[in-house]
Amino acid sequence: RSQLGMFPLTGKAIIFDNFPDPSDTWEIIETIGKGTYGKVFKVLNKKNDSKAAVKILDPIHDIDEEIEIEYNILQALSDHENVVKFYGMYHKKDVRNKHQLWLVLELCNG
């Protein structure tokens with residue numbers, strides 16, 4: 001079970017390379033904030049002009065378990081009316097700026 005005791009882990013580590021590249025779908029518009037593991041940006045969906053928030057993480061082996069827990073929770077609870085919608089995880093391979101994980105979420109304007 002996960003650290004939260006509510007969501008069993010699959011027993012398989014997330015393989016970041018299996019996630020699609022965000023560049024074809026999402027374009028960063030502006031910075032919203034920053035946290036311990038990364039920054040949050042407002043993004044535009046190039047295919048349908050919708051807006052979302054993206055939390056961009058540098059995949060560091062020390063936080064792989066935390067990323068997997070967050071991913072599993074977001075997937076499990078995304079359809080709940082009181083939880084932010086989760087639109088997916090992406091993996092941006094960038095030699096210059098390191099590889100990045102993008103967690104794309106519903107944009108909640110204050």
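T36 sits in a loop of this predicted model, between strands β1 (26-34) and β2 (38-45). Its relative accessible area is 74%, so T36 is exposed. In sequence, T36 and L57 are 21 residues apart. In space, their C-alpha atoms are 9.5 Å apart. The strands on either side of the T36 loop belong to an open sheet of 5 strands.

**The sheet**

- The strand order is β1-β2-β3-β5-β4, and the pairing is antiparallel.
- β1 and β4 (86-92) stand at the edges; each has a single partner strand, so one side of each lacks a neighbour in the sheet.
- On average, neighbouring strands are turned by 30 degrees against each other, direction ignored.
- Strands in a sheet pair through backbone hydrogen bonds, in parallel or antiparallel fashion.
- Between β1 and β2 there are 7 bridges, and these two strands run antiparallel.
- Across from K42 in β2 stands E30.

**The helix on the sheet**

- Helix α1 covers residues 64-77.

**Salt bridges**

- Side chains of opposite charge can pair when their charged atoms come close.
- The model has 2 salt bridges, counted with a cut-off of 4 Å between side-chain nitrogen and carboxyl oxygen.

**E30 and K42**

- The side chains of E30 and K42 form a salt bridge at 3.7 Å, N to O.
- E30 is in strand β1 and K42 in strand β2, so this pair ties together parts 12 residues apart in sequence.
- E30 is partly exposed, because its relative accessible area of 39% falls between the 20% and 50% limits.
- K42 counts as buried because its relative accessibility is 18%, and buried means under 20%.

**K55 and E70**

- The side chains of K55 and E70 form a salt bridge at 2.9 Å, N to O.
- This pair links distant parts of the chain, with K55 in strand β3 and E70 in helix α1.
- K55 and E70 are 15 residues apart.
- K55 has 26% relative accessibility, so it counts as partly exposed.
- E70 has 23% relative accessibility, so it also counts as partly exposed.

Definitions and conventions
Residues numbered from 1 in each chain as written. Predicted model: local features only at pLDDT ≥ 70, side-chain atom pairs only at ≥ 80, totals over all residues. Heavy atoms only, no water. Helix = DSSP H or I, 4+ residues; strand = E, 2+ residues; numbered from the N terminus. Buried < 20%, exposed > 50% of the residue type's maximum accessible area, 1.4 Å probe, protein only. Pairing = 2+ DSSP bridges. Axes fitted to C-alpha atoms, helices over the stretch in contact; angles between N-to-C directions. Contact = heavy atoms within 4.5 Å.
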